[in-house]
Amino acid sequence: ILKRTRFRPLSFEVPKPLFPVAGVPMLQHHIEACAQVPDMKEIILIGFYQPNDELNRFISSSQQEFKIPIRYLQEFAALGTGGGIYHFRDQILSGGPVAFFLMNADVCSEFPLQEMLRFHHQHGENHCGVLLGTTANRTQSLNYGCIVENHETNEVLHFVEKPSTFVSDVINCGIYLFTPDIFGHIGKVFQKNQQERIQEELTNGKQMPEVIRLEQDIFTSLAGQKKLVVYKTQHFWSQIKSAGSAIYASRLYLKQYHQTHPERLATNQDGTPKIIGDVYIHPTANIDPSAVLGPNVSIGKGVTIGGGVRVRESIILHGAVLQDHCCVLNSIVGWDSTVGKWARVEGTPSDPNPNDPYAKIDSETLFRDGGLTPSITILGCNVSIPSEVIIRNSIVLPHKDLNRSFQNQIIL
């Protein structure tokens, strides 16, 4: 499911699921995990995005790389996660699958799909869904769907989406394994909603949207009926709701590359820039050997980095130019943007509390206490930063030529 959430200003140029995280489109991490599941027949992308050349190229290249059919199905309206899969149920069920995975596009994870499949088989035929859960701290659990489970059977006893008071520290990860039986339960909600829509139109003349929310409308009613079980993962998981969380997700994936794709990680060699920690560099990037990169840096296609440049905890998108001795920290530099000589582009990291093993990244609000919340700095595409200025904790919209320093501002 390609979520319709966006992070501005970067999603002006590319659908959020195709935004590069750790050097590859966000969605490629999902597809790679699916392709490794035995007997996986097809991958279907469902969303409200208008298909474009970039999405078509991505689907074509992913099919060739992972040797699995991939299709994109566009919703006629925003139907919600439950409504989206119910609308396309015939397409999903074609070929007679015994089960199917459903994943939200805006999460990063190790995607323990094969473990979920084994867990599903171990728990017999009575349930129709496996929810992937993880542990959060008590305060942050209120920002997620909370799951109360039977610790012996792993059955979901109670499900509440974003409760107002503490319910459980087990939260929903937005990754599921369903049997076709789930459509029967969604169908009952659909029929009930249809009757309510007709009644509302006759009474008030208003047309209600055909939205079915998987969490609030389906899971809440199925909890306690022995239809859902929860598989708790100890692996990493995070939402990608904002550009700041994309940098954190990039760090998690770069760390995972040590096991899955060590060839993607840059190493220290003669005649190459100094590498600190985990760094991804696209083969076409042109980087001066005196530059220092890392930790947690991703350098995109065709990027040019001059002498003495320092980059840390940042994503540099394709075609960007970092001129000599500039410094980029906790920032995303957009496509074809330029940072001038001796300039400093700096943001404030929005990482989870490192002293709390169950802490998640906070869903940051754009404004707090009447001002812009300190967060990472974002340069949209084709932004020009002059030499010897400081851009700190700011969001710069695309195609801007700045002529001075800025702090804590949105530059329109």
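Colleague: What distance separates the centres of domain 1 and domain 2?

Modeller: This is a predicted model, in which local features need pLDDT of at least 70, side-chain atom pairs count only at pLDDT 80 or more, and totals for chains, interfaces and linings use all residues. Residues are numbered from 1 along each chain as its sequence is written, and side-chain values use heavy atoms, leaving out hydrogens and water. Domain 1 covers 20–239 and domain 2 covers 263–410, with bounds from an automatic or database domain assignment. Taken over C-alpha atoms, their centres are separated by 33 Å.

Colleague: How much area do domain 1 and domain 2 bury between them?

Modeller: Buried area is the accessible area (1.4 Å probe) that two parts lose on being put together, summed over both. Pro-20, Thr-135 and Gln-140 supply 35% of what domain 1 buries against domain 2, more than any other three residues. Carbon and sulfur atoms carry 47% of the total, which is about 1,200 Å².

Colleague: How many salt bridges does the rule find across the interface of domain 1 and domain 2?

Modeller: The rule asks for a side-chain nitrogen of Lys or Arg within 4 Å of a carboxyl oxygen of Asp or Glu. On the side of domain 1 that touches domain 2, the residues divide into seven nonpolar, eight polar and one charged. Across this interface, the number of salt bridges found is zero.

Colleague: Which element gives the most to the side of domain 1 that touches domain 2?

Modeller: Helix H1 (26–35), strand S7 (129–135) and strand S12 (237–239) each supply at least two residues. With three residues, the one giving the most is S12.

Definitions and conventions: Helix = DSSP H or I, 4+ residues; strand = E, 2+ residues; numbered from the N terminus. Nonpolar A, V, L, I, M, F, W, Y, C, P; charged D, E, K, R; others polar.
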